[in-house]
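Subject: Structure handover

Hello,

Here is the structure I promised to pass on. Please open it first; my notes follow below.

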Amino acid sequence: MEFQSMSKQELSELYNNLMAKYQNYQDQHLNLNMARGKPSTAQLDLSMEMLDLLNSKSNMKASSGEDCRNYGVADGLPEMRNLFANLLGMDDHNIIVGGNSSLNMMFDAISCCMTHGFQGCKPWSQQGHLKFLCPSPGYDRHFAITEYFGFELISIPMLSTGPDMDEVEKWVSNDPTVKGIWCVPKYSNPTGITYSDETVRRFAALKPAADDFHIFWDNAYCVHDLTDTPDHLLNLWLECRKLNSVDLPIFFASTSKITFPGAGVAAIAASEKNLEVFRKHFSYQTIGPDKLNQLRHIAFLKDIDHVKLHMKKHRAILQPKFEAVEAAFDKELTGKGIADWTHPNGGYFISLDVMEGCAKEVVSLCKKAGVILTNAGATFPYGKDPKDTNIRVAPSFPPIEELKTAADLLCLCVQIAACKKLLKSK
């Protein structure tokens, strides 16, 4: 029954019943965490064999002849570049392989634009007040980077097809102070949607008012499927090549949720013109990446086919967790008119929209009962959800029995918050 159709007395009785259940959860003194999309211990265990593949007797030479123990090979080992080229659908000469963190490479890319500029333009730091587009709900760490550098963050609504491209095109085409846009194009964080073919084509066809505008294309979940019918993402690089707009996008990827998040390998990819700028920028930071870690990954992952086989093992762990959360939502929230949620085919998150004005209350109730969620508002620029509705749910880390408990409590808190809001309006 929809909560909105209940009388004040019915809502009051329901609220009392829900609070009695809530007290039972508080009495359990839970300590559960669903705040971030961290791989579970079981997922990390999948890559432990990699640590045995390189030892003091191993061949430390790259296929190109360089000694991987020494300086050099600034763009990364050829096999590692080839692996990322296959992950991203690009050419290996358009890839630079770096350290363990793609987020670090994104920060560096923004920093490079700030201090030295692109396309013959002044550095961004010398251009006055600048703006950056942030599809929302989106990835909080993306937003934090550009907030750190002083950009005005512009929220762009996320649709089922990706960012609202009418809004994107309006800002990009008419405002030269708009310098970029953050994108997680496949299994977006947190909605789990994949950009439609039309959306990708419209990105490739953008006509920016700023000569130094860039699309920051973070393909973090390019092989992170959860079903037998995975989403397909049109290749932005190939679409840009058709339209001679290859200088627009800058691509990022990593093995963070393939092997070890704290000891993986990351890559940046772009046009040759853009890579010239990045190579110079990176050359002042390092004389070469950690090639021994790259050797380990090459020995373990081998090629794109082996990566896909490895990701099926991840799926076997993750899929039941996503199904458990969605089953709880279906059972406890369907038909009550108080929540909607996504049904992603991959990635690491489920996006839950609760009754307007209730997200902070839901997160607070969960915390008081021992379940930590991502802060309400975190998926919007400056941590401020204008409607206070969105909650990012991260099923990956907890063991499945703990996850089921946390999901049930979350559903209970959604109902309590909705009851409280409706009772105040009666």
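Start with D75. D75 counts as buried, at 15% relative accessibility. Buried means under 20% relative accessible area, exposed means over 50%, and partly exposed lies in between (1.4 Å probe, protein chains only).

Some ground rules. This is a predicted model, in which local features need pLDDT of at least 70, side-chain atom pairs count only at pLDDT 80 or more, and totals for chains, interfaces and linings use all residues. Residues are numbered from 1 along each chain as its sequence is written, and side-chain values use heavy atoms, with hydrogens and water left out.

Salt bridges

D75 forms a salt bridge with R279 (3.0 Å, N to O). The term needs a side-chain nitrogen of Lys or Arg within 4 Å of a carboxyl oxygen of Asp or Glu. D75 sits in the loop between α2 (41–45) and α3, while R279 is in helix α9 (residues 272–283), 204 residues apart. Helices (H or I, at least four residues) and strands (E, at least two) are DSSP runs, numbered from the N terminus. R279 is partly exposed, at 25%.

The count of salt bridges is 18. Another one joins E239 and R201 (3.9 Å, N to O). E239 lies in helix α8 (residues 236–243) and R201 in helix α7 (residues 197–204), so this pair ties together parts 38 residues apart in sequence. E239 is buried at 8%. R201 is partly exposed at 41%.

The sheet

Eight strands form an open sheet in the order β2-β9-β8-β7-β6-β3-β4-β5, with mixed pairing. Strands pair if DSSP finds at least two bridges between them. The edges are β2 and β5 (162–163), each pairing on one side only.

Look at strand β9 (residues 266–269). Both of its faces are covered: A266 and I268 are buried on one side, A267 and A269 on the other. In a regular strand the side chains alternate between the two faces of the sheet. Strand β2 (residues 95–97) runs antiparallel to β9, with three bridges. Strand β8 (residues 249–254) is also antiparallel to β9, with four bridges.

The cores

The largest nonpolar core has 58 residues, and F203, I215 and W217 touch the most other members. Such a core is a set of buried Ala, Val, Leu, Ile, Met, Phe, Trp, Tyr and Cys residues joined through side-chain atoms within 4.5 Å. Helix α3 (residues 78–88) gives the most to this core, with six residues. A second, separate core of 57 residues includes L30, A369, V371 and L409.

Best wishes
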